[in-house]
Amino acid sequence: MNLLEIKNLKKSYGGLTVIEDISLSVAEGEVVSIIGPSGSGKSTLLRCATMLEKMNGGELTYLSEKAAWNGSDGKCVYAPSKDLKRIHGYYGLVFQNFNLFPHFSVLKNVMDAPVSVQGIPKAEAEKTARQLLARLGLADKADAYPCQLSGGQQQRVSIARALALNPKILFFDEPTSALDPELTVEVLKVIRSLAEQKMTMIIVTHEMQFAKELSDRIIFMEEGRIQAQGTPDELFSTENARVREFIGKLTN
């Protein structure tokens, strides 16, 4: 079953086209990595898929429920807000710069959305939050504040926060780009454990070896288009000169 389907996505800012015409689907349990040079539209694709940005054209479907489609005038139409609220619950997003609330404790950061967005009772949300923090090696940091944590710990809190909503699919936008190599290993270990538990994930990353080891499929984007995709073996042994050049720069 496809958890996510995107058809003919287009996105532009003024006269600048950022995503030309992208279609992709992601099956349940699949891990898809998206690679490509800066400015290729990778993060914009994630922001459109998670409705942080509005598409200019195309279709967006989660679990067979349409979130957006082309209207009769060719412009993108979004589902009613009550339907979008439900659809928002199908996915979680982990940002590259953590985006934690600085004035909330770690525990409150993790349990806030389940309580305020999903209406889950506080006691139940706290129990789930503490279980997630323990699972991610942060049980002793529940009462700490983000400024008291390392970058790796903050990113693990943001992963716990995304998991607290019990999403069907997790998006990661360059989850290690703000971290030094030691802390990167710490976060990649968490993502690897999620993959072992068959969590459906779409990961924008520049960590080539990690993408190769973890992904069921790798997508190479450039100039707002998908230029190549396939299994890690297919992409890392491709005859496509541009893909070989890009991967070579990041693995040498």
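Predicted model: local features only at pLDDT ≥ 70, side-chain atom pairs only at ≥ 80, totals over all residues.
1. Residues are numbered from 1 along each chain as its sequence is written, and side-chain values use heavy atoms, with hydrogens and water left out.

2. Start with helix H3 (residues 106-116) and helix H5 (residues 151-163), which pack at about 25 degrees with their axes 8 Å apart. That makes H3 roughly parallel to H5 (angles under 35 degrees count as roughly parallel, over 145 as roughly antiparallel, 65 to 115 as roughly perpendicular and the rest as oblique). Helices here are DSSP runs of H or I with at least four residues, strands are E runs of at least two, and both are numbered from the N terminus. Axes are lines fitted to C-alpha atoms, for helices over the stretch in contact, and angles run from 0 to 180 degrees between N-to-C directions.

3. Who touches whom there? H3 brings Val106, Asn109 and Val110, while H5 brings Val157, Ala160 and Arg161 (contact means heavy atoms within 4.5 Å). By class that is four nonpolar, one polar and one charged; Ala, Val, Leu, Ile, Met, Phe, Trp, Tyr, Cys and Pro count as nonpolar, Asp, Glu, Lys and Arg as charged, and the others, Gly among them, as polar.

4. H3 also packs on helix H4 (residues 122-135), at an angle of about 130 degrees and with the axes 9 Å apart. That makes H3 oblique to H4. On the H3 side you'll find Val106, Leu107, Val110, Met111, Pro114 and Val115, and they meet Lys122, Ala125, Glu126, Ala129, Arg130 and Leu133 of H4. This contact has nine nonpolar, no polar and three charged residues.

5. H5 has another partner in helix H6 (residues 181-196): the angle is about 20 degrees and the axes are 8 Å apart. That makes H5 roughly parallel to H6. Gly151, Gly152, Gln153, Gln155, Arg156, Ile159 and Leu163 of H5 meet Leu183, Glu186, Val187, Val190, Ile191 and Leu194 of H6.

6. Now the largest pocket, with about 580 Å³ of space. On a 1 Å grid over the protein atoms alone, a pocket is an open set of points with protein on both sides within 12 Å along at least five of seven lines, a cavity is a set where a 1.4 Å probe fits but cannot get out, and lining residues have an atom within 4 Å of a point. Grid points are joined across faces, edges and corners, and a volume is the space filled by probe spheres set on the points.

7. Which residues lie nearest the centre of that pocket? They are His88, Tyr91, Ala113, Val117 and Leu165, out of 21 lining residues. Helix H2 (81-88), strand E7 (91-94), H3 and H5 each give two or more residues to the lining, which divides into ten nonpolar, eight polar and three charged.

8. Last, the structure holds one cavity of 30 Å³ or more. Its lining consists of Leu4, Ile6, Leu24, Ile34, Leu45, Leu46, Ala49, Phe171 and Ile202: nine nonpolar, no polar and no charged.
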